[in-house]
Structures are given as C-alpha cells and as structure tokens.
Amino acid sequence: KCVFCEASGKHDIEHYRPKGAVTGFKNDKNGRKHPGYYWLSDEITNFLWVCRDCNGAKHCKFPIKGERVFAPTENSQDRRIDSKELQQEEPLLLNPLIHSPEDYLKINYVGKLLPINNSKKAATTIQICDLNRHSLSYDKRKKIIDDFFKVLIEQLDFFKEFLESNNKKHSDFKDIKSLYKSIFGVHFSGIIKRKNRDNEFSRVY
C-alpha cells in the first residue's frame, strides 16, 4: 500500500528527496535553483513505495526549514539520507518510514485527515500529497467510518430488542454479558485485525 495515503493499486518507487530539480522552492539568497538531490538517486533509504496519485501530486516538491544542501561532500557517508550534511535540513514532509503518522495525523468523522496539534509537517504533507482528495476522504475513509457505525447501530438495536423482549433482570447478568460478547466481539475483533499496518487504510481504524 502507499506509505502516504494507504491505498492499494498501482504504485511507483518515489524518492523522498527528489532526484530532479526541486519545485515550489524559492531560490536561495544567492539566486541558485536547487538541482535536486541527485546524489541520493540510488540511495535505498531515500526510496518510498507510493501510489501514482500521491506520486503525481508530490512530484519534485520538498519543502524544508533551514538551509538547503545543494551538493554532497567528498565523504561517501554524505550520500546517505541520514548524513550530517542533510541533518541541517528540517524536512516539512513526513517520511512514514521515519515518522509515525499516528503521531501527526488524525481523521475526522467525514474521513478527512487533520494535523495533530497544528503540526506543520502534517499540514504540509496533506497539502503536497493531496491526501484529502475526494477519492480518499469520501470514497474510502468516510465509507469505512460509515460502515462501522452502521453495523454498530444495528448490533445495538438487536441487543436492546433482545433485552426488552426477554425482560432480562440483573440475575441474568452472565447471560447478558455472554450475549454482548457474541454480538460485539466479532465486530471489534475484525477491527483489530484491520488495524494491522499491512492492511489498506489501517490508520482509519
């Protein structure tokens, strides 16, 4: 699945730091345009598995805070994404292989992603990768949320009808507890399974 939006389907290997000329970036104080992080083009730690929609939206955008690195030093270690040179940059784009998305992003009841604690990284990632596009927020995430509550309401109604029709008393607490587990247990155990990170849209659960 895509590391950004969690959708399955056709994917590409995307460079976290773009290998081509960085777009959406103002020239530095010397008027230089950034040529891209060409020295990281074959660096495996710079690769991300990304769907084509997120890849197309992100393209060569890579906003940072701080001074941007324009070229590596002669030290071979500086050709890694975790080099001391690159650590002087503070990327404003989340890297799901480094950052835990759950610490930065939350989902509202209509399926839209929102930054936690007004995180600048989260807001920038949502914007750059277009993570609230209709095909995700409405067609995918909102449907999962709606289906969850639909089943939950149906189960609650069934539980309520059972209690009313059988006029259950406190003496029957063990039976009620067993029934509760049988009704809701399957529903919530299924949710726990879907929370597995390998599953599509696991963060919704």
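Which side chain does Arg52 meet in a salt bridge? Here are some notes on that and a few other features of this predicted model.

1. **The Arg52 pair.** Arg52 meets Asp12 in a salt bridge, at 3.5 Å from N to O. This pair links distant parts of the chain, with Arg52 in helix 1 (residues 52-58) and Asp12 in strand 1 (residues 11-15), 40 residues apart. Both ends count as partly exposed: Arg52 has 47% relative accessibility, and Asp12 has 25%.

2. **Two other salt bridges.** The whole structure holds six salt bridges. One of them joins Lys1 to Glu6, with the closest N and O atoms 2.8 Å apart. Lys1 is partly exposed, at 28% relative accessible area, while Glu6 is buried, at 3%. Another joins Lys143 to Asp147, at 2.9 Å between the closest N and O atoms. Those two residues lie four apart in helix 3, so about one helical turn separates them.

3. **The core.** The largest nonpolar core has 33 residues, and Phe4, Cys5, Cys54 and Leu131 have the most contacts inside it. Strand 2 (47-51), helix 2 (120-128) and helix 3 (134-166) each give two or more residues to this core. Looking beyond its sequence neighbours up to four places away, Cys5 touches Cys51, Cys54, Leu131, Arg133, Leu136 and Phe201.

4. **Confidence.** The mean pLDDT of the protein is 83, and 88% of its residues reach 70 or more. Helix 2 has the highest confidence, at a mean of 96, and helix 4 (residues 173-194) the lowest, at 69. Where pLDDT is low, the predicted coordinates should not be read in detail.

Methods. Residues are numbered from 1 along each chain as its sequence is written. This is a predicted model: local features need pLDDT of at least 70, side-chain atom pairs count only at pLDDT 80 or more; totals for chains, interfaces and linings use all residues. Side-chain values use heavy atoms; hydrogens and water are left out. A nonpolar core is a set of buried Ala, Val, Leu, Ile, Met, Phe, Trp, Tyr and Cys residues joined through side-chain atoms within 4.5 Å. Buried means under 20% relative accessible area, exposed over 50%, partly exposed in between (1.4 Å probe, protein chains only). Contact means heavy atoms within 4.5 Å. pLDDT is the predictor's confidence in each residue, from 0 to 100. A salt bridge is a side-chain nitrogen of Lys or Arg within 4 Å of a carboxyl oxygen of Asp or Glu.
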